[in-house]
Amino acid sequence: MSDLLSPILYVMENEVDAFWCFVSFMDQMHQNFEEQMQGMKTQLIQLSTLLRLLDLSFWNYLGEGNTHTHTLL
């Protein structure tokens, strides 16, 4: 979590403000850190969809190396 908080603290320069920004960020991103990681899975599917639409050759290239990754993406 410190990797997420340190940039906020650097920009805010105030620990109290940084804390509340971090709390708000975690409220929005909590699904990425839950056991099922549904938020992360949804973001990967969205990324795959964008890559397939915007750069089909790169999307295909990613799938050539690892079919499991390709099915996830």
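Two residues are in contact here when they have heavy atoms within 4.5 Å of each other. The model is predicted, so local features need pLDDT of at least 70 and side-chain atom pairs count only at pLDDT 80 or more, while totals for chains, interfaces and linings use all residues. Residues are numbered from 1 along each chain as its sequence is written, and side-chain values use heavy atoms, with hydrogens and water left out.

**Two packed helices**

Helices are DSSP runs (H or I, at least four residues), numbered from the N terminus. Two packed helices are described by the angle between their axes and the distance between the axes. Helix H3 (residues 38–54) packs against helix H4 (residues 56–65) at an angle of about 125°, and their axes are 5 Å apart; such axes are lines fitted to C-alpha atoms over the stretch in contact, and angles run from 0 to 180 degrees between N-to-C directions. H3 and H4 are therefore oblique to each other, a word used for angles left over when those under 35 degrees count as roughly parallel, over 145 as roughly antiparallel and 65 to 115 as roughly perpendicular. On the H3 side the contact involves Ser 48, Leu 51, Arg 52 and Leu 54, which meet Leu 56, Phe 58, Trp 59 and Leu 62 in H4.

**Aromatic pairs**

The structure holds two aromatic pairs. Rings of Phe, Tyr and Trp (its six-membered ring) pair if their centres lie within 6.5 Å, and planes under 30 degrees apart count as stacked, over 60 as edge-to-face and the rest as tilted.

| Pair | Centres apart | Angle of planes | Kind |
|---|---|---|---|
| Phe 19 and Trp 20 | 4.8 Å | 75° | edge-to-face |
| Phe 58 and Tyr 61 | 6.4 Å | 20° | stacked |

Phe 58 and Tyr 61 both lie in helix H4, three residues apart, about one turn of the helix. Phe 58 is partly exposed at a relative accessible area of 36%, whereas Tyr 61 is exposed at 54%; buried means under 20%, exposed over 50% and partly exposed in between (1.4 Å probe, protein chains only).

**Positive phi angles**

Most residues other than glycine have a negative phi. Glu 13, in the loop between helix H1 (2–12) and helix H2 (15–29), has a positive phi near 60°. Met 37, in the loop between H2 and H3, also has a positive phi, of about 50°.
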